Structure formats: C-alpha cells, structure tokens
Amino acid sequence: MERLQKVIAQSGLTSRRKAEQLIKEGKVKVNGKQITELGMKVSSKDKVEVNNKPIEKEQKEYYILNKPRGVVTTTHDEHGRKTVLDFIPTTARIYPVGRLDYDTTGLLLLTNDGEFANILMHPNEKVEKVYIAKINGIIKGEQINKLKEGVEVDGIKVSASRVKLKKVNNKNNTCMVQITIHEGKNHQVKKMFESVGFQVEKLKREKVAFFNLKDLQSGQYRKLTPKEVAKVYALEQ
Ligand code: URA
C-alpha cells in the first residue's frame, strides 16, 4: 500500500505536492469515490482517477539537457515558441524539474517521475544549484557578503551559500560571478543581484546537486543512468 498522493505522483502526472492539492480540491477519486482528505493509502488493485481520468502507470524517464537561450521551460507555449521538450524525442509525459528563464542557459533535468522532481525542487542542503552570472558592474566584497548573509526576494529572505568572483572585465565594466543557492524561486538569481544593485546580463546554470554539464553542448541531452537516479533518491531528507 502506498499513499494516494505518491501513487499519483508516480504516474508521472504531477509532483507529490501538487497531487496533495488535487486531493484537497476534490479532483481525485478512488474506486469511484471522491477523496478530499490526505492520508489514504491505495494498492495497485485500486482504481485511481484524477479529473475523472484513470491514472496510468508510465515507464519512468530521466534526462539532463543543456538548455539553449531563447527556449521556454514549459511543456507547451501559447505563443508557439520552442520549448525544452522539443529537444528530447520521447512520447512520455516528461516535464522540467524547476524552471530556467527564457534567456537562461544550462543544466535542466526533465522527468515524468514526480517523486524524483520533488526531491530536487524542495529546498535541501544537499541540493545546491550553481549558476554563473555576467553582471553589469564589478562586485565588491561588501556586496558578496550581503548575498551570503541574505537578501529579500519577493518578501522572503534568501541567501547564497557561496559567491565567487571568477573574472573581471574592467574595459566593459562587467564581471562573472559564480553563485550557489538552494532554493528555486522565480528569477531568484537575477533578483538577488538586483537587490545589491546589479543587472544580470547572462545567466547559466552549471550544476544541480551532483549533476553537471560535462560534455553536453548547448541543445544536447542524455538519459540519466539508474545509478544517478538512485543517488537522487538518496538525497531525500
Ligand atoms: N534565477 C534566475 O533569475 N533565473 C533563472 O533562470 C534561474 C535562476
């Protein structure tokens, strides 16, 4: 027996947290009966429906992509722009783990395993996200300290666990800064730099947990190995 929200997440439909929301909203039925409270456990013999559609057992798929600039991190774009799914030939209902902005490049994981996605998206000490940002000025020690101590983004205090000045271009008055964070709030890195007076001109994600881009060129992807998937499950706190 497994918790209902876990079974829904495992079907690839959504994350466990979103599945909990669906249950609370009365959108889930078990053996024809509407369920609105969390806590129910089901077995493979139970018929689970979400929005009156039976959930399917889908083979789990896991990918890492080096996202190019000018691509949206959604499964579908109303304006017909290219999405990250256009780079991965699969019929499985995979979706991106977290989000990168249209103009942000770099490491993006995709899967149809809601549980896996949840582990990486939930703020966790062991899941660091490392970015390299080109900013419009030369950052000073004082500003670096501020980013480490914590700044406010959308009313919430967030901090960088590491900030390293990598390169200075005095001629253009820009610099490259490597910044490590543990949350994944919308536009978090850009807003953090804004809070200390800089605009981010370019942003690339280099690392998520133990994943890095290695030999993946822009637009290239590969499947994760079973070992890598197991290592993500071992990160769960
Ligand atoms: N922070 C941002 O500001 N943008 C991204 O795409 C990712 C993190």
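Two residues are said to be in contact, or to touch, when they have heavy atoms within 4.5 Å of each other. The model is a predicted one, in which local features need pLDDT of at least 70 and side-chain atom pairs count only at pLDDT 80 or more, while totals for chains, interfaces and linings use all residues. Residues are numbered from 1 along each chain as its sequence is written, and side-chain values use heavy atoms, with hydrogens and water left out.

A nonpolar core is a set of buried Ala, Val, Leu, Ile, Met, Phe, Trp, Tyr and Cys residues joined through side-chain atoms within 4.5 Å; buried means under 20% relative accessible area, exposed over 50%, and partly exposed in between (1.4 Å probe, protein chains only). The largest nonpolar core holds 33 residues, of which Leu110, Ile135, Ile139, Leu147, Ile179, Met192 and Phe193 touch the most other members. Among the elements that give two or more residues to this core are helix 4 (141-149), strand 14 (174-181) and helix 5, where helices (H or I, at least four residues) and strands (E, at least two) are DSSP runs numbered from the N terminus. Strand 14 supplies the largest share of this core, four residues. Apart from this core lies another, of 20 residues, including Leu107, Val208, Ala209 and Val232. In soluble globular proteins, nonpolar side chains tend to be buried together.

Strand 14 is also the place of Thr180, which counts as buried because its relative accessibility is 1%. Not counting residues up to four places away in sequence, Thr180 touches Glu128, Lys129, Val130, Ala160, Ser161 and Arg162.

After helix 2 comes Gly26, with a positive phi near 80°.
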